Amino acid sequence: MPLLASSFLELAGHRAIEDLLVTFLPVIKRLLIDENAQVRLSANNSLISLAGLLDGPNREVHIFPIINKLANDEANEDNRIAAAELLPKTIPLLSPEHFQMFLLADLMKLSKDSHFEIRKSVASHLGIISRAIGTEDTMQFLVPIFQLMSTDEIWSVRKACVESLVDIAANVTPECRSNELLSLYLNLLNDESRWVKSAACQNLGQFVACFPTNEVSPNLVRWFTDLSPNSVSNSTPPTFADSETALMCAFHLPGILVTIGKERWEELHPTFKVLCEDLQFKIRRTLAYSLHEIAKVLGPELTERDLLRPLELFLNDMVQVKEGVLKHIHVILSVLRHERRSFFLPILQEISIDISNWRFRRYLAKQIGGLSTLYPPEIAYEHIVPVLFIFFKDVVNSVRDAAIKQIGPVLKHLDTPGTSAKRDEIFKAIIEFGESRSCYDRQLFVKIVDALAEDLVNGRNIEKGSFETRLLPLVLHLSSDRVANVRLVVSRVLYRLSLFEHTLKMKDVGVCVQRLRQDSDADVAYYSCHPYQPVS
């Protein structure tokens, strides 16, 4: 119905608004009180969509009275629930003045409804409403409503309040956040209901992240660190709920650190150590995936003091944990001082020849360019370039493709005074692929050149002279290779180069392109004049 109404309005113009209201609105009003819940929900969404098509005066006359009537229908609980669902969707369409004029009274009335399902619906939408009405109205109207509802006699209403509190906290003044809301949150953390308490624990990290550094008290951080069932101050045996809360603790710890800064790392460090050695792999995995973010905040000194041991543990952990640090290993190493990075070179080499997990090899292959820049050119040539060439010949295609894309950054890093001989050796090794009797090696050569051609066209990593004198002649020679798959890759390279104006002036390139366009293989002919779109 919303699409139909929109199309009707588009075709007939704004003069048809009256017809729209006469045609569609009565149907929606009737469906809002249908006995079928799914029909009522669809009608609810249709009313909001229709409201979005109308101007302010028409909403005031035709839409808000419907919500008001539903909210005040004492005889029908379903209608009041519908009103509670409609309110948060309608409020973003209003100015603050119109919110106070048309819907505030309904909101306050529903927040005190005798049926807890209606109160729960209101509580669950308070965060959304606060985002729509802004700080001033949130402070004046929503905080008092929230204060009342957070002490509701029904635990599910209080739990809904917990789930709305983070959004509310983001839309109040620092003073309100540090006083009224913090006090309410501490009460919810001590709630008699385990479900309310658990929800409060799981959202505590996001709540703390709403505070600027100087607003976060040590007591609040202590509340967060005590979420870990094995924390120093917690001697109670952990339960399943505790384990889930500890997972939330691990998930939010990096965000808390960003909020309070590395100067207060010691408040988090003991809990971090406990979580790193937790028996549940999902907790260790969570920290493994965020270790690079923690390192970026802590800087070299604290990272080397407090993160190298967890990094070593995670690298020797089960697959699901190990992959977390491997995906971002170059970021972690970039934080370390140069002399400490060398300790990890043997680990990188071990991964490159580990045939047990190709995904690890792909994670590392994707980062070879970034890893090479972390070491002096001589070290990069001796330790990183051999790993890159191992990946070039990997048995898994996605590993090879990931490595090929890194050749440009590696060559650029070695483009420094005193390393020209090393660059020459790399180009020589690449060309040997192109001169190989193996068609797979020749394809590999052309794919490497294709990656460098993309860099050339985009003005990065390689200069025209090196490309044209060292690589292009062999590519042109392979345009007549006896193997169609080799010619296919050549056609992709030459098409890419055709976008580069300087290369178009080269007679030999033009001759090869014309020949490939008439190739007996249909794919070769096609890609010599069309961009290549790899299947994702």
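Reply: Partly exposed residues are those between the buried class, under 20% relative accessible area, and the exposed class, over 50%. The model is a predicted one. By these limits Lys393 is partly exposed, because its relative accessible area is 45%. Its salt-bridge partner is Asp441, and the two side chains meet at 3.1 Å, N to O. Lys393 belongs to the loop between helix 23 and helix 24 (397-404), whereas Asp441 belongs to helix 27 (residues 439-457), so the bridge ties together parts that are 48 residues apart in sequence. Asp441, with a relative accessible area of 14%, is buried.

Arg119 and Asp152 are both buried. In general, side chains of opposite charge can pair when their charged atoms come close. The count of salt bridges comes to 28, and a network of them links Glu304, Arg337, Glu339 and Arg340.

Charged groups also meet aromatic rings. The charged end of Arg177 sits over the ring of Phe211, 5.8 Å from its centre. Phe211 is in turn part of a cluster in which ring pairs link it with Tyr185 and Phe207. Arg194 lies over the face of Trp195, at 4.8 Å from the ring centre.

Over the whole structure, a search finds 9 aromatic pairs. One of them is the edge-to-face pair of Phe392 and Phe433, with 6.4 Å centre to centre and 80° between the planes. Phe392 lies in helix 23 (residues 377-392) and Phe433 in helix 26 (residues 420-434), so the pair ties together parts that are 41 residues apart in sequence. Phe392 is buried, with a relative accessible area of 1%, and Phe433 also counts as buried, at 11%. Tyr526 and Tyr527 form another edge-to-face pair, 5.1 Å centre to centre and with 90° between the planes. Here Tyr526 is partly exposed at 41% relative accessible area, while Tyr527 is buried at 19%.

The cysteines complete the account. The structure holds 0 disulfides. Cys210 is in no disulfide, and the nearest cysteine sulfur, that of Cys176, is 12 Å away; a disulfide would need the two sulfur atoms within 2.5 Å. Cys512 is likewise in no disulfide, the nearest cysteine sulfur being that of Cys529, 15 Å away. Cys210 is buried, with a relative accessible area of 18%, and Cys512 is buried, with a relative accessible area of 6%.

Definitions and conventions. Residues numbered from 1 in each chain as written. Predicted model: local features only at pLDDT ≥ 70, side-chain atom pairs only at ≥ 80, totals over all residues. Heavy atoms only, no water. Buried < 20%, exposed > 50% of the residue type's maximum accessible area, 1.4 Å probe, protein only. Phe/Tyr/Trp six-rings, centres within 6.5 Å; stacked < 30°, edge-to-face > 60°. Helix = DSSP H or I, 4+ residues; strand = E, 2+ residues; numbered from the N terminus. Lys NZ or Arg CZ within 6 Å of the ring centre and 35° of its normal. Salt bridge = Lys/Arg side-chain N within 4 Å of Asp/Glu carboxyl O.
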